[in-house]
Amino acid sequence: MEPNLLNTKTGITKTLRSNNKGVSVEDFDVFLLSRLKLGDESAFRNIYTRWEKPLFYFIRNIIRTEADAEDICQETFVKLWLTRESVDPEKNIKTYIFLIARQLTMNFIRDKKRKDVFSPNPDTNIGDCDTVSPEKIVEAQELTLLAEYAISKLPPRTREIYNMHYKDNLSYEQIAEMLDTNVVNIKTQIYQARKKIREIIYVMVTLMFP
């Protein structure tokens, strides 16, 4: 299962800048991966804090879509946690994480070529009725209804966080403060929500238009 991040806001030391006797960033990274392998959530949060932004920009430079890059970034850390028991502590953290991200990005590009990727938004703008064809208006309305249906199927907590971000336009930080949790957990919940919404819409479209 994924780490429960609801009750803790702080992890272990974020960075190790000094290089005293027997102390180095590399040694600290080995320690982190060793702790991660044992299921230490604070080690996971430390890795996330250090590498989330660089990883996001790495993915963003490949696919050029911010929302999809954010999803893949979150999926990378979810996969890191789920496969933690197979982690080799002697491996370089950056290399290990970026390899996961690159593989997921390549999978995304491959899958996108095979089928349309739905990006539901409950506030879908159907455009100006004077310039948009009736068919396009109906299509947008149907997608909006499907998105609303998919959102209704989310777990209550996940749905609440999703709506706070996309409907109320609250930032990750604002939501985390309001719900007394941390940004890592909020991003993970929103990633899970977006993934589930796309899955539901894809199934429904497949059933409705075989």
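Student: Which residue's side chain meets Glu52 in a salt bridge?

Tutor: A salt bridge is a side-chain nitrogen of Lys or Arg within 4 Å of a carboxyl oxygen of Asp or Glu. For Glu52 the N to O distance is 2.7 Å. The partner is Lys187.

Student: What kind of model is this, and how are residues numbered?

Tutor: This is a predicted model, where local features need pLDDT of at least 70, side-chain atom pairs count only at pLDDT 80 or more, and totals for chains, interfaces and linings use all residues. Side-chain values use heavy atoms, without hydrogens and water, and residues are numbered along each chain as its sequence is written, from 1.

Student: How many residues apart are Glu52 and Lys187?

Tutor: Helices are DSSP runs (H or I, at least four residues), numbered from the N terminus. Glu52 is in helix α2 and Lys187 in helix α8. The pair links distant parts of the chain, and the separation is 135 residues.

Student: Are Glu52 and Lys187 buried or exposed?

Tutor: Buried means under 20% relative accessible area, exposed over 50%, and partly exposed in between (1.4 Å probe, protein chains only). Both Glu52 and Lys187 are buried.

Student: Which residues are linked with Asp71 in a network of salt bridges?

Tutor: Asp71 forms a salt bridge with Arg194, with the closest N and O atoms 2.9 Å apart. Asp71 lies in helix α3 and Arg194 in helix α8, so the pair ties together parts 123 residues apart in sequence. The network links Asp71 with Arg194 and Arg198.

Student: Where does α2 bend?

Tutor: The bend at a residue is the angle between axes fitted to the seven residues ending there and the seven starting there. In α2 that angle is about 50°. Pro54 follows within four residues. The bend is at Trp51.

Student: Why does Thr181 count as buried?

Tutor: Thr181 sits in the loop between α7 and α8. Its side chain joins that of Asn185 in a polar contact of 3.4 Å; such a contact is a pair of N or O atoms within 3.5 Å, where within protein one must be able to donate a hydrogen and the other to accept it, and residues adjacent in sequence count only if both atoms are side-chain atoms. Thr181 counts as buried because its relative accessibility is 3%.

Conventions:
Helices (H or I, at least four residues) and strands (E, at least two) are DSSP runs, numbered from the N terminus.
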